[in-house]
Amino acid sequence: IIARQGSGSACRSLFGGYAAWQAGSKVDGSDSLAVEIAPASHWPEMRAVILVASAAKKSVPSTAGMQLTVATSSLFPARADKVVPERMEIMKKAILDRDFATFAETTMKDSNSFHATCLDTYPPIFYLNDTSKAAIRAVEGINAAAGHLIAAYTFDAGPNAVIYYLAKNEAKVAGVFKQVLGNLSGWEGKRGQDIEATPIIPFDSTLEQMLQDGVSKVILTGVGEGPQSVNVHLVDKSGIVVQK
């Protein structure tokens, strides 16, 4: 509850594995909190490649944007009252069943729904840019080439694409982006170096160029544990940095 005062992401980050942010029952949201759906060990194969499209400060801060959406979007009430609660249950089951196809479809549909309410806000909020749209088309191409859902995109209140996939499909998903964006930072670690660049089957030259022009770096990550207590200190008692 305390972490929630910072952001929804902050309260979810108190848990490892798969976490859900619950609305609570109070009108003011003061009892809103996060709960763990499943530990990381339940479905450790989940991976993500993040395409950083912009590190610039957003023109509309997330909190202010959400408040404006609540106040002006005609789509928002249905999303809040019906769409999100129903999809939360679908997503929880998909995680517990380790059902990536359902996880992927629900993830993409809900991302689209969220950004539809942003466009329906008055005045409209444009979080996605041309690079974001290129990432969406890239994921659609990857899935079409595979013949089933092996990748899923999602966007929060910004243009950066988070693309989920399972470890067994790393070459078919992250490898495709490495083929296009292999010159960017983010591939340096052991995991990034081990990813095999995959020939570009689903991309045309225009899509490839849009990604190369718009993505500044990539981040490779996956499901992990929550915060852990350690005995390593970054500063001493006087405030001097002892470790970087």
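Trainee: Which residues form a nonpolar patch on the surface?

Mentor: Leu234, Val235 and Val241 do, with about 270 Å² of accessible area together. Keep in mind that this is a predicted model.

Trainee: Where does Val241 lie?

Mentor: Val241 is in the segment after strand S6, which covers residues 217-222.

Trainee: And is Val241 buried or exposed?

Mentor: Val241 counts as exposed because its relative accessible area is 51%, and the cut-off for exposed is over 50%.

Trainee: Which residues of H4 are buried?

Mentor: There's a list of them, including Phe100, Phe103, Met108, Phe114, His115 and Cys118.

Trainee: OK, and what covers the buried residues of H4?

Mentor: The cover includes helices H2, H3 and H5 (130-146). Strands S3 (46-52), S4 (152-154) and S5 (161-166) are also part of that cover.

Trainee: I keep seeing rings. How many aromatic pairs does the structure hold?

Mentor: Seven. There's also an aromatic cluster formed by Tyr18, Trp43, Phe100, Phe103 and Tyr164. Phe100 and Phe103 from that cluster are also among the buried residues of H4.

Trainee: What about the two ends of H4? Where does Arg98 lie?

Mentor: Arg98 sits in the loop between H3 and H4. Its phi is positive, about 55°, although Arg98 is not a glycine. Most residues other than glycine have a negative phi.

Trainee: Last one: where is the place of Ser74?

Mentor: Ser74 is in the loop between helix H2 (62-72) and helix H3 (76-97). With a relative accessible area of 58%, Ser74 is exposed.

Trainee: How far apart are the C-alpha atoms of Ser74 and Thr117?

Mentor: They're separated by 8.0 Å, with the two residues 43 apart along the chain. Thr117 is one of the buried residues in H4, whereas Ser74 is exposed.

How values were computed:
Residues are numbered from 1 along each chain as its sequence is written. This is a predicted model: local features need pLDDT of at least 70, side-chain atom pairs count only at pLDDT 80 or more; totals for chains, interfaces and linings use all residues. Side-chain values use heavy atoms; hydrogens and water are left out. Helices (H or I, at least four residues) and strands (E, at least two) are DSSP runs, numbered from the N terminus. Buried means under 20% relative accessible area, exposed over 50%, partly exposed in between (1.4 Å probe, protein chains only). Rings of Phe, Tyr and Trp (its six-membered ring) pair if their centres lie within 6.5 Å; planes under 30 degrees apart count as stacked, over 60 as edge-to-face and the rest as tilted. Patches are made of residues with over 30% relative accessible area and no salt bridge: like charges are joined within 9 Å, nonpolar side chains (Val, Leu, Ile, Met, Phe, Trp, Tyr) within 5 Å. Accessible areas come from the Shrake-Rupley method with a 1.4 Å probe; for residues, only the protein chains shown count as cover. A salt bridge is a side-chain nitrogen of Lys or Arg within 4 Å of a carboxyl oxygen of Asp or Glu. Contact means heavy atoms within 4.5 Å.
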